[in-house]
Amino acid sequence: MQLSTKHLLGIKDLPPSDISLILSTAQQFKEVLQRPIKKVPSLRDVTIVNLFYENSTRTRISFELAEKRLSADTINFAASGSSVSKGETLLDTVNNILSMKVDMVVMRHSASGAPHFLSKHLPDTAIVNAGDGINEHPTQALLDAFSITEKLGTLEGKKILLIGDIMHSRVALSNIYLLSKMGAEVMLSGPPTLMPKYMEAALGVKIEYNLKKALAWCDVANVLRIQLERQNQVLFSSLREYNRAYGVTSKLLNEIDKEIMIMHPGPINRGVEIDSDVADSSQSVILKQVENGVAVRMAVLYLLSGKKELNS
Amino acid sequence: MQVLLSPQQLDLTIKRLCYQLLENDDNLSDVVFVGIQPRGVQFSNRIIDFISEISNSEKPSYGLLDITFYRDDIREELHIPKETTLTQSIEGKKVVLIDDVLYTGRTIRAALDALQDFGRPQKVMLCVLVNRRFNRELPIQPDFYGIAIDTTASQKVKVDNENNRVILY
């Protein structure tokens, strides 16, 4: 059994069997990470470049740890401080790196579709999308799914709520694709200005603008970050107003009579989309998500690395 | 197809191996039994069940080990990992690796590598049901085995758990 794809560009084109395979493999890697020596030799013949054209803490460290715990050789590339500022194109940069015998590319880029573009030009190199613009962030959706499954046993039939900046969130889009494929129900909540118009019709999700009603409906609430850096116009009047209308507060959670699971992909804007006491409460699995991220990324890299020889 | 061990012979063989294991080390408190995923599991479960029955001490320390991430043929064929349940430390313990068939020795080599990540054992021993003596590719020999057979590489040995027997075909 192996993945049907050579790259992980997004969840959109990933069949459910691939998703299940990644999640079940991640389970075994999670066990590896509990051992006294948290390292396996599987990828010791593989060199991976982490190509980050956009800032990142969690994803970059998580990928790097995953690579190191698989014994891969890693190179870190950040666009700032590189020849990108001299005008080198993405394809040239990557081709130069690959000519030094690099096998896999993990990339984050602010342009949606950048990894897809790269995969068309470099069909023989495994490419892992670590977030592209406002399009997708597949490994985040996979680790979210892993965290939900870990706590609730399954995704099937579970009610998942995504709150906040749906329009600019690649986490939201990847999550919607993945959760729908795996049989979960998805609802979106947030200000109408941050809600893409055709989401309901195009992706078969529910939309509820009243946050309290939405929270009362769900089993899991995934709170998204307000992406101020991607908003080039005023979409709500102030952060304080946003917090009053769509911030997840303990007061709001106390008013509904069930304990829902709280998630956040990070980085958190405390006091904006989520209050500190909620983020740090026992309902929150935010740090668990980060922990699971390493195991999920190990699974993705392990499963994609096997393809190398098959195509040569 | 040839039956190497009938159900009755297989039961006797497993019982004999258990007595041998106990004879070798009657104090089970410093022994950890490790069944190798996936095919060693049925055999190692039966070993543990019978050892629990005949020894007076508490249930032996036992875990399963998946060696997928340590294989040396990972670029030829990608294998899907199974569960590892070995959680106890093996530091300073005597480890008995249990697998169904010893053939090329590569699985055991991978298992020895994997074991190192769980601590430094005092000693590692190998117990297999079938010892295929020809076609070994690494210098690995069992300490305990059910039967030894001499076969060519084109033949296959299977522990048929469904019918409780060992066959050659």
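A: Asn164(B) is found in the loop of chain B between β7 (157–160) and β8 (165–168). Helices (H or I, at least four residues) and strands (E, at least two) are DSSP runs, numbered from the N terminus. The model is predicted, so local features need pLDDT of at least 70 and side-chain atom pairs count only at pLDDT 80 or more, whereas totals for chains, interfaces and linings use all residues. Residues are numbered from 1 along each chain as its sequence is written, and chains are lettered from A and ligands numbered from 1 in the order in which they are written.

The phi of Asn164(B) is near 55 degrees, a positive value in a residue other than glycine. Most residues other than glycine have a negative phi, and most peptide bonds are trans. Asn164(B) counts as partly exposed because it has 15 C-beta neighbours inside 10 Å. A residue is buried if 20 or more other C-beta atoms lie within 10 Å of its own, exposed if 12 or fewer, and partly exposed in between, with C-beta atoms placed from the backbone.

Asn135(B) lies in the loop between β5 (123–132) and β6 (144–149) of chain B. With 13 other C-beta atoms within 10 Å, Asn135(B) is partly exposed.

Peptide bonds deserve attention next. In chain B, the bond from Gln37(B) to Pro38(B) is cis, with omega near -10 degrees, and Pro38(B) sits in the loop between β2 (31–36) and α2 (41–54). In chain A, the bond from Gly266(A) to Pro267(A) is cis, with omega near -10 degrees. Pro267(A) belongs to the loop between β9 (261–263) and α11 (276–279) of chain A.

The two chains meet in a contact that takes 15 residues from chain B and 17 residues from chain A. The side of chain B that touches chain A has seven nonpolar, three polar and five charged residues. Two residues are in contact if their C-beta atoms, placed from the backbone, lie within 7 Å. As for the classes, Ala, Val, Leu, Ile, Met, Phe, Trp, Tyr, Cys and Pro count as nonpolar, Asp, Glu, Lys and Arg as charged, and the others, Gly among them, as polar.

Within chain A, helix α1 (residues 16–32) and helix α5 (residues 138–152) pack at an angle of about 65 degrees, with their axes 10 Å apart. That makes α1(A) roughly perpendicular to α5(A). Axes are lines fitted to C-alpha atoms, for helices over the stretch in contact, and angles run from 0 to 180 degrees between N-to-C directions. Angles under 35 degrees count as roughly parallel, over 145 as roughly antiparallel, 65 to 115 as roughly perpendicular and the rest as oblique. Ile22(A), Leu23(A) and Ala26(A) in α1(A) meet Leu142(A), Ala145(A), Phe146(A) and Thr149(A) in α5(A). This contact has six nonpolar, one polar and no charged residues.

α1(A) also packs with helix α12 (residues 286–305) of chain A, at an angle of about 120 degrees and with the axes 8 Å apart. The helices α1(A) and α12(A) are therefore oblique to each other. From α1(A), the residues Leu21(A), Ile22(A), Thr25(A), Ala26(A), Phe29(A) and Lys30(A) take part, and among their partners in α12(A) are Asn292(A), Ala295(A) and Val296(A). By class, the residues of the contact of α1(A) with α12(A) divide into 11 nonpolar, two polar and one charged.

Helix α6 (residues 170–181) of chain A has 12 residues and reaches 17 Å from its first C-alpha to its last, close to the expected 16 Å. The expected span is 1.5 Å times one less than the number of residues. α6(A) is mostly covered, with 10 of its 12 residues buried. One of these buried residues is Ser174(A), which has 27 other C-beta atoms within 10 Å. The C-alpha atoms of Ser174(A) and Ile11(A) are 5.8 Å apart, although 163 residues separate them along the chain. Not counting residues up to four places away in sequence, Ser174(A) touches residues including Gly10(A), Ile11(A), Glu136(A) and His137(A). Just after α6(A), Gly183(A) takes a positive phi of about 85 degrees.
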